[in-house]
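Let's walk through this one together, a question at a time. Have a look at the sequence and the model, then read on.

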Amino acid sequence: MSSPMHVRKAIHFASLRAKLAQQGKAGLALRLLPAAALAGFLLVFAARTLLVSSPAAPTTSPFSSSFSTSQRQQDHQDTAECAKATGLPLPVMEALVHYTTSNVTPQQTADEIGVSLRVLQRRAPCNFLVFGLGHDSPMWAALNHGGRTVFLEEDASWIAAVRSTHPALESYHVAYDTVLTDADSLLQLRDHPACVAQPDLTAAAEASCRLALRGLPPVFRELEWDLIMVDAPTGWTPQAPGRMGAIYTAGMAARARRPGDGPTDVFVHDVDRPVEDAFSKAFLCEGYLAEQVGRIRHFVIPSHREKDGTPFCP
């Protein structure tokens, strides 16, 4: 027995076919032109990739290719022109091309991405700060189309590789002066006034809080951040910088947000690891935890400038 949904679809298709018959082949061709342009572009792009890339040549990163600089610039120009022709936003078009012509996928699972996606659906376009530049960066920029998405990355060579294929992504190099082996001692700073009794990150740095990141790009302080994602720096080897400072800095940016702008949604990935687990609970506060799905935690942190005397954690 046909469901009401199937009946509605059948009526819709029958009506559509009747309208197309009335309008004639010329009208149909005009309506199909944008789709044909998009399909043609993707076919040309894929063919160029297959013909130009050398299967035997090793690649340094999933973003790199054997294309020359001029070829990559031409690809970016082609994408921009196709986006204009089809009406799709450029970040969306670039993300589509990236994920349909490469074998890389975002580091987060679909369920984990869904946590941030639900917030972006409500708050975008917005100011979105991401610690880390990775396979999911084109996706975040596309999902925040019309907003400002900024990536902070520890590896300068990786930034150059990504910029060669995604010049529209806004990224900055950040240096970290911590190492993962210091995590236990740094966790003790949760009770130190230099870190938890300061109004903002600048004051914490001046008070010699070791967790306060220094040398951040000017954009960090110029914008009020609606969303902050901590998915970097590296933290799986003893001498890696770890995410201790990034987590603390994200929390301080949220607490110092301009009064009246609402809370900041902060996400921490890889909380199945000891450092991300302990530092997110200690410095983003379990009282601000909104949800956890898989390896990602979502905190909603209000501005502490809204009310004098607001404790570091509720």
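Q: Is Cys285 buried or exposed in this predicted model?
A: The model is predicted, and Cys285 has a relative accessibility of 1%. Buried means under 20% relative accessible area. So Cys285 counts as buried.

Q: Which cysteine does a disulfide join to Cys285?
A: A pair of cysteine sulfur atoms within 2.5 Å makes a disulfide. Here the S to S distance is 1.8 Å. The residue joined to Cys285 is Cys313.

Q: How many residues apart in sequence are the parts that Cys285 and Cys313 tie together?
A: Cys285 sits in helix H12 (residues 274-285). Cys313 belongs to the segment after strand E7 (296-301). The pair therefore links parts whose separation in sequence is 28 residues.

Q: Is the disulfide of Cys285 and Cys313 left-handed or right-handed?
A: Look at the torsion about the S-S bond, which is about -75°. That value is why the disulfide is left-handed.

Q: Which cysteine forms a disulfide with Cys195?
A: Cys195 lies in helix H8 (residues 193-196), and its partner is in the loop between helix H9 (201-206) and helix H10 (219-222). The two sulfur atoms are 2.0 Å apart, and the link is right-handed, with 105° about the S-S bond. Cys195's partner is Cys209.

Q: What is the relative accessible area of Cys209?
A: Cys195 is buried, with a relative accessible area of 1%. Cys209 is buried too, and its value is 1%.

Q: What pattern do the disulfides of the protein follow?
A: The count comes to two disulfides. Now number the bonded cysteines along the chain. The pattern you get is 1-2, 3-4.

Q: Which strands stand at the edges of the sheet?
A: Seven strands form an open sheet with mixed pairing, in the order E3-E2-E1-E4-E5-E7-E6. An edge strand here has a single partner strand, so one side of it is left without a neighbour in the sheet. The strands at the edges are E3 (170-173) and E6 (289-293).

Q: How many bridges join strand E5 to E7?
A: Strand E5 covers residues 264-269, and E5 and E7 run antiparallel. In this pairing, Thr264 stands opposite Ile301 in E7. The number of bridges joining E5 to E7 is six.

Q: What angle does H12 make with E7?
A: H12 lies across E5, E6 and E7. Comparing directions, H12 runs relative to E7 at about 10°.

Definitions and conventions:
Residues numbered from 1 in each chain as written. Predicted model: local features only at pLDDT ≥ 70, side-chain atom pairs only at ≥ 80, totals over all residues. Heavy atoms only, no water. Helix = DSSP H or I, 4+ residues; strand = E, 2+ residues; numbered from the N terminus. Buried < 20%, exposed > 50% of the residue type's maximum accessible area, 1.4 Å probe, protein only. Pairing = 2+ DSSP bridges. Contact = heavy atoms within 4.5 Å. Axes fitted to C-alpha atoms, helices over the stretch in contact; angles between N-to-C directions.
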